[in-house]
Structures are given as C-alpha cells and as structure tokens.
Amino acid sequence: GREYIVEGGQERGPWLYESERITVLVNRVSWHGKQCYVADVRLRDGECFFGGFANETPPGRKTEMPYKIARRYEAVLGLTADFLCHHANPKGVMIRDGKVYYDGRSADMLAVFEDGGMDVFRAGSVDAEELLAMGASDVFAFGPILIEDGEINPKINSHPLRPGNYRTGIGLVEQGHAIAVVTADGFTFREFARLFQDYRCDWAYNLDGGHSASMVFMGEQLNIHGYLAELGVYQRPLPDLVMAGRSKKVPGPDDPVRYRANR
C-alpha cells in the first residue's frame, strides 16, 4: 500500500510516517523549557501496538540496542518497554504475543488487545488468565499509571521513582489515538503526568526510563541522553521494545546508522 514519509533534521524533526493503517507524527517539543519527543499515533483497521525482543534466545533474557530491535521488526515506531529481564523490578502481568512471562501482582499494567484497543490496570486488579480472556496480546508491567480518567494518580506523589529522570510513556486520547513520549530532560512523575494531561489523555502509563529511555523512528533513534553523553554514558541496550507500525522501508539491523543517538 501507499506510504508517505517525511524526515526533518536529526535534531529537530518533524518526523512523519503515514500508511493506510497508521499515522505517526513525531515532534521535538519544549514543555515548560524541558525537551521531549512526542509521537502522535493514529491506528486504523485494528492496527495495534506490539512487543518484540532482542535477537537472542530465550526471548527477553538478552539485550540489544533499541534501533536494532526496531529494525528487526521493521517497526515504524519503537519505544522502551518494561525491561522484561530485570529481576529486581516489581512484576505485574507480562505477556508478549499471547505468551505469559510473568503473572505478578506488584506493578501497574498496560494491556494491548487483539482488536487494537489498549487499557491500563492497577497492580493486582487482574491476573494473566483474566487478561488473556479479555483478548490481551501484549501486557507491559512497569508503571506506575500516571493518569486515570483524565486525573493524576495520587500514588505517583509517593512512588520511589518519582524524582526527575528521563521518561518513556504512552497515553491514550481515545481508542485508536495514542500519545507516546520520550523525554530528553529530567521529568518528575508529576511533570510527566501533567504533560500527558496537556495532550488531553484519558489515561497515561509510565514505561522504563533513565538511560533505557528511547524512541526509534524508521530505524533511527531520535533522543540523545544529554549530559550523560559527556560522561560516556549512552543508550542502554534493552531486552524488548513496544512498537507500532511495520514498513519494508525500515533499514536492516546491520545497515549503517545515520543518527548519532544510536550509540
């Protein structure tokens, strides 16, 4: 089918991909003086977000640079997921492509359903069996939920990860219309929640951040880890991504990279 791609400058964008089933528009935005990359994602005809792994077996146990994972899946958009293999993290239900990896009750969850819909669930409110029965294909468990029914979740004010850091998150404006954000500056949870409120999200969910935080568009990572680069700290390799859209125009995993953020 028809594909339309616009790629702005490496630093500023905008970046646009459009096909019959998905539109992804990424802009680098200054929010109260702080930099972030905001992807407006429109999904049609049952298109949905999906999870995928680094190129190792067993899946979710090895790590790889985010751009390589995204390229292997020919993903239009790739985001840091929930660091599936990090055993020290509190676990919720973690499902990838219908397979249950964890059936935990300790972390808020983001579920993607086979019909393309998405929803968030509080820790312990559902188990893996119930989510599969609802038609969940992928369930991510990092959290916390930042916004529910348009209101900031009060639990974020006491969450141990609330101080400023690089962030990754997804918010839902309405079914078929999501906002995905990776920040290039430190955001507290409250600031991150307010950002999603400004985009009129009904709910918003926090994914893994810090120097795991990544946003990949058409096989190139957009965000650079600011001051950490001066210390020789770059993008952390990851076990998995949450992705949207597929295109044969995405470069292969071993093709040259053009954006310096891929380091």
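**Close-up 1. The largest cavity and the residues around it.** In this predicted model, the largest cavity is lined by Gln10, Glu11, Tyr37, Gln221, Leu222, Ile224, Tyr259, Arg260 and Ala261. The space inside the largest cavity comes to about 40 Å³. Sorted by type, the lining of this cavity has five nonpolar residues, two polar ones and two charged ones. If you are looking for others to compare, the count of cavities of 30 Å³ or more is one.

**Close-up 2. The largest pocket and its centre.** Here we turn to an open space: the largest pocket holds about 280 Å³. Its lining is made up of 13 residues, and those closest to the centre of the pocket are Pro90, Ser106, Ala107, Phe142 and His159.

Close-up 3. Follow the chain through strand S9, residues 109-113, and on to strand S10, residues 118-121. The two strands run antiparallel and are joined by four bridges.

Close-up 4. Thr80 belongs to strand S6. Is this residue buried or exposed? Thr80 counts as buried because its relative accessibility is 1%, and the cut-off for buried is under 20%.

**Close-up 5. Confidence along the protein chain.** This last view is a friendly guide to the predictor's confidence. For the protein chain, the mean pLDDT is 90, with 93% of the residues at 70 or more. Which elements have the lowest and the highest mean pLDDT? The lowest is found in strand S1, residues 4-9, with a mean of 89. The highest belongs to strand S6, residues 75-80, with a mean of 98. Strand S6 is also where Thr80 of the previous view is found.

How values were computed: Residues numbered from 1 in each chain as written. Predicted model: local features only at pLDDT ≥ 70, side-chain atom pairs only at ≥ 80, totals over all residues. Heavy atoms only, no water. 1 Å grid on protein atoms, 1.4 Å probe; cavity = no way out; pocket = protein on both sides within 12 Å on 5 of 7 lines; lining within 4 Å. Points joined across faces, edges and corners; volume = space filled by probe spheres on them. Nonpolar A, V, L, I, M, F, W, Y, C, P; charged D, E, K, R; others polar. Pairing = 2+ DSSP bridges. pLDDT = per-residue confidence, 0-100. Buried < 20%, exposed > 50% of the residue type's maximum accessible area, 1.4 Å probe, protein only.
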